[in-house]
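Dear colleague,

Please find the structure below, handed over for your use.

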Amino acid sequence: MSDLSGVHRSHSYYEASARGRLTHLLDAGSFRELLGPTERLTSPHLELLGQPCAFDDGIVIGRGRLDGRPVLVASQEGGFMGGAVGEVHGAKLTGLLELAVHEHPAAILLLLESGGVRLHEANAGLIAISEIIRALLAARAAGIPVIGLIGGIYGCFGGMGIVARCCDRLIINEEGRLGLSGPDVIETTMGVEEFDASDRALVWRTVGGKHRFLLGEVQQLVADDLAAFRTAVVEALGQPLQGLTLESLEREHQGLADRLANYGDCLDATEIWAALGLENPLQVPLLDIPTFLQVASQAGREGA
Amino acid sequence: MTVEALLNQLFPSGHAVQTREGVLTGSATTPKGAIAVMGTGSHLAVGVEAAMALADFVLKVVKEWPGRPLLMLVDTQGQRLSRRDELLGINGYLAHLVKCLELARLRGHRLLSLAYGEAVSGGFLSFGLMADEIHALPDAKVRVMNLTAMARITKLPLEMLEEMSATSPSFAPGVENFFKLGGVRSVWSDNISEQLEEAIARQTVGDQRRKDGLERHGRKLAHEVSQLVAAGGTRT
């Protein structure tokens, strides 16, 4: 065996649990959980239906430090019902965003992995996501940066896909998927001709990290390594706040209108990439991250 | 109820609200003054174009009619389910609409919504659910999904979900259930123009829904849990 000391051992964001991600993302030993599993706050609705419950209802929240700075964090556990939002899960996140307004941390970090509303308690889940959105925007209005991280097995969909795009900045890995209606939902409702959810390449082209980065929806694309996410968050903390102003929203409005005008008729992501000026659009899914970022930057797409 | 009938009942002294491709925009007169009106009709599935049209209107209201209250009329079957909308990043378009509404709130516009047709999932989330006060007509169809679909997806027996729905408002569709959960502030069964006048005149501080849900015994934990976290996680 060769000597592996000094070799950086990477920890996959994609494969890590909600708690595992926090362990490697934050300063060592700095995480302090709020309403942790010992409080046994489970979903009363799942219990009523005789379904398995989780003592944290699928979300870990708390305080920590990043690069020495105080942050509030929430991390959704995809392993429990795909990170879906129920009454308690949602209330923990809303409460954390409200706590931020009192504590004014350097940032709120949201490690998003969710299919959206938990259908076992659908009505409460939908209202909960609406409450999360309002609390998130109130925190932003109070001047607190909200940074979203996406890169887990279940992606970030449904109402949580809207929540993600309400953040100041997003960081994603190539494996990360971000959208509204998941491919399975579209296929089931509209038919396989509309969206073949089993076509993995199509799914990744349509909702995957690289496409989201090229559209400018996420600001940083990183390797599937928790250390890379950590570096990206530190970098994000140094960026100026977007702010919820008329000017910033008019700018966003123009950007979205342009996107619709320029790419509204494209049938596939590769057509959009070609229109963006990427040289070999069909090769984009195969590029490693450094090469991809170089190609994107040559086409003037730097995620901002 | 048709949009025209609804508008006539809401605004006996007149309105100038147009409908274009299922999107309603315009203004109306009430005894409390002018009000901006926007929303959807014909159970519109909200896609990227509709989200842009609505956001466009909100920004116009903010710029041209500073401080004017805004009423959102909700009739949507949900977000548009299409690969093309996902390709364009529909979640970002709906988030943009949500942010424009928050901007209006921050700049002193009172935001009200009235679910008069269907009020479903992502479509409802992107505008109606952003209001300071969310109201509904008694026959509005507020839901995420019906029990048959829920039974199929959750693999739970339909009979069980039906039985549970009798005691818990979290499962089955319906205005009454959303009322109990705090997601609907009140049901406007008659004199809707007077109800609107009163809603314009009231003031709402923050998001009242968890409190309403607790008082109505529909959502028993959301208020307490969020309060506990917001207080720093210490039980007092």
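**Findings**

In chain A, 71% of the contacts with a separation of 6 or more are between residues 24 or more positions apart; two residues are in contact if their C-beta atoms, placed from the backbone, lie within 7 Å. This is a predicted model, in which local features need pLDDT of at least 70 and side-chain atom pairs count only at pLDDT 80 or more, while totals for chains, interfaces and linings use all residues. Residues are numbered from 1 along each chain as its sequence is written, and chains are lettered from A and ligands numbered from 1 in the order in which they are written.

**Chain A overall**

Chain A contains 12 helices and 7 strands; helices (H or I, at least four residues) and strands (E, at least two) are DSSP runs, numbered from the N terminus. Its C-alpha trace spans about 55 × 55 × 50 Å along the principal axes. The radius of gyration of chain A is 19 Å, which agrees with the value near 19 Å for a compact globule of 304 residues; this radius is taken over C-alpha atoms, and the globule rule is 2.2 Å times the number of residues to the power 0.38. Of the 304 residues in chain A, 55% are buried. A residue is buried if 20 or more other C-beta atoms lie within 10 Å of its own, exposed if 12 or fewer, and partly exposed in between, with C-beta atoms placed from the backbone.

E5(A) pairs with strand E4 (residues 107–112) of chain A in the parallel sense over 5 bridges; two strands pair if DSSP finds at least two bridges between them. In this pairing A:Leu109 stands opposite A:Ile147. From E4(A) the chain crosses through helix H4 (residues 122–141) of chain A to E5(A), in a right-handed β-α-β crossover. Right-handed means that, with the strands pointing away from the viewer, the path from the first strand over the helix to the second runs clockwise.

Strand E6 (residues 169–173) of chain A runs parallel to E5(A) and is joined to it by 4 bridges. A:Leu170 in E6(A) is the bridge partner of A:Gly148. The crossover from E5(A) to E6(A) passes through helix H5 (residues 159–164) of chain A and is a right-handed β-α-β crossover.

**Nonpolar core**

The largest nonpolar core has 166 residues, and A:Ile108 and A:Ile171 have the most contacts inside it. Such a core is a set of buried Ala, Val, Leu, Ile, Met, Phe, Trp, Tyr and Cys residues joined through C-beta atoms within 7 Å. H4(A) supplies the largest share of this core, 13 residues. Beyond its neighbours within four places in sequence, A:Ile108 has contacts that include A:Val71, A:Leu97 and A:Val146.

**Chain B**

In chain B, 61 residues are in contact with 68 residues of chain A. H4(B) gives the largest share of the side of chain B that touches chain A, 13 residues.

B:Asp75 is found in strand E5 (residues 70–79) of chain B. B:Asp75 is buried, with 27 other C-beta atoms within 10 Å. Not counting residues up to four places away in sequence, the residues touched by B:Asp75 include B:His43, B:Tyr116 and B:Glu118.

With kind regards
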